[in-house]
Amino acid sequence: MPQSSAENPVPLVVDLDGTLIKTDLMWESLAIWLQRNPFAIFVILFWWTRGRAFLKERLGKGARLDPATLPCNEKFLAWLREQKKTGRKIVLATASDFQMAKPVADYFGLFDEVLASDGRTNLRAENKLKALVAKFGERGFDYAGNSSADLTVWRGARQAIVVNASRAVQKKARGAAEVAATFCERNSSLATLTRFLNELFGRSGYLLAVFAGLLLASAFPKVDFAGGAWVAPGLLAFAAQNKRGGDAFRVGFIAGLSFWLASLYWLLDIPYRWHSIPLGPGAGWLALTTVLSLFFGTWAWLISDQWRIGRFWAGRLIWSLAGAAAWVALEMIRARLLGGFPWNFLGASQFKMVPLIQIASVTGVYGVSFLVVWTSLSFYSAVRMVFAKPNSRFAWQPEVFPPLFAVVILFALGEVKVNRPVTTIATIRVALVQPSIPQDLIWDESANSKRFQQLLQLSEGALTNQVDLLVWPESAVPQFDEPTYAAITNLTGSHHIWLIFNADDAVPRPKATNEQDNDYFNAAFLAGPDGRLRFDEIYHKQKLVMFGEYIPLVDWLPFVKWFTPITGGYTRGSSAVTFDLENPQAATSPLICYEDLFPQMGRRATADGADFLINLTNDGWFGQSAEQWQHEMGAIFRAVENGTPLVRCCNNGVTCWIDDHGRQREIFRDGNGSAYGAGTLIFTLPIEKREITFYTRCGDWFGWSCTGVALAFLGLKIARR
């Protein structure tokens, strides 16, 4: 080992990253930045374009590292202390930024001087050698390093000390300088990366959050692992445990991001491309998932504080109930904010558990969401009690008893409700036409005539089965002009049937000055067996699709229209409309597109006594994906909430009818067994003596009550800060 002498004192220069410590300060600081804000990656990439020195300086300004947590080579550190005792000058020379290196040097207390990158010069390899030669002269220092980048410095040093190096670097070091000492413990080139990933995803809770989000996504179609919804909220609570403020929010945000990116992947199937790249759909996918993930982040922040798991059972019960209420409150907000996006509510994932979901006739779908989250958080509390009291065999039981008891009782009551006898007043023979028109063909005006003729052919084939009501889906009628009007009225008059269909409706604006001065509505029309349209019964869609039926803020941000294929916009409707049918006597209320996902819309549509709801939708925008099944899943709850059957007529799935208990009675499938193909579904719909449900009478009383609890929860959290 090299020793300094009084006659020829040679300074010892020590590298930091990978040598003194078994990690890299740049990666350590990067992990801290991304833990705080995952979206900082975009700013960091910009800094990187300015050079490594600039990047390290910026990272160092925003990251505070604890030197005590950094792993080091203990044998090498002990040797450095021995060298220090001899009075030898020891210099820390590192490519890390000075503001990160100086605290580390101060912590070890061995270094007389620190040379580091400064935001302009990256002190590595040639740059480091030049600085050391200028300071100590050629061969005027010994150098301790670990990587191939240090070979350049060793060639200008008197002696080399090799630390934590691979066998290849050790061999090359012997050819660069005299090797005075070697301190190479078992070394892995992936050690720094492993530590970085552990810091970023492990200790931060991000990895568990990602898993919780993906597990929750699996509870929805097409995976349909409903049990995942009963576990994921508890896992997210575990990932956010012992975290405060922004840290807990980011954990929830990451969980939400993984959930929404996975479950809304079908947005990329929108057939709108820029040079074959789904630029617009991709931008919309990322923007929407980012906004929706804020709700997950907010929930994790609300439930995360230390006080949430009290020493007493009552405190833990209150926390789990408040956490479930907070989840429902955020779903309530999501169903209304900026027009609302009630997609993939947690409770909707349980649509196959028919007895359990009957609670929705009282509470709406929000009651099912509440029950699932309450149970999940209670199981999380039970697991914590098992570890907190390992000697108590029954410590976990009080935690899970209340929600499990509620599930059992509700399941039993639901079973009774589902099997209760009903009185059928009349029946109506219904034919649903599913044309399965690709979305790009819908946009092709030259194909309008051909696809309308195909629609008429499918309808004529269905009308050989003594049909009372024929239904066409959204976007099936390409253009509602005089020839189309004549074809529709001839069809209904010659076959003596009712027809419900979708088309655009132009209504002159007040004080219109010309024929083009109109408001345009996405509308549902009713044509009667007398061959006439019921112009006094036209329904105008109330919930418009952002970027599909209108472009938000286009007057202030004109560039947003580049991300969507639509060129204009529709006007919102103002109220529900009931279509009254005769012979047989029945009343129905239409919902267009994703309106059947809004609990409040289903309630309004049944308020005037509709015998069944009917949904006209075109999900062909999203190809043949999980979107159609997720849409149907959410719509099922409008039938349960209002005790009213739901008939769905779709362009390319899922065309079906659902009874008043949420059971899928018949689903259209073509000759190949696909729910996405073209054809017709014909069935007999019973018109039953309907009892108005508690939800129909009282609306979202449960959801608003949970919102009040969540606000109190928020107030308590703020007060305890």
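Which side chains meet in a salt bridge at 2.7 Å, N to O? They are those of D700 and R336, where a salt bridge means a side-chain nitrogen of Lys or Arg within 4 Å of a carboxyl oxygen of Asp or Glu. D700 sits in the loop between α23 (694–698) and α24 (701–719), and R336 in the loop between α14 (313–334) and α15 (360–363), so the pair ties together parts that are 364 residues apart in sequence. Helices here are DSSP runs of H or I with at least four residues, strands are E runs of at least two, and both are numbered from the N terminus. D700 is buried at 8% relative accessible area, while R336 is partly exposed at 26%; buried means under 20%, exposed over 50%, and partly exposed in between (1.4 Å probe, protein chains only).

A word on the model: it's predicted, so local features need pLDDT of at least 70 and side-chain atom pairs 80 or more, whereas totals for chains, interfaces and linings use all residues. Residues are numbered from 1 along each chain as its sequence is written, and side-chain values use heavy atoms, leaving out hydrogens and water.

The whole structure has 21 salt bridges. Among them, D659 and R665 have their closest N and O atoms 2.9 Å apart.

Now for the sheet. Six strands form an open, mixed sheet in the order β11-β10-β9-β8-β7-β18, pairing being at least two DSSP bridges between two strands. At the edges, β11 (539–540) and β18 (679–688) each pair on one side only. Strands β7 (424–434) and β8 (469–471) run parallel over 3 bridges, with L432 partnered by V471 in β8.
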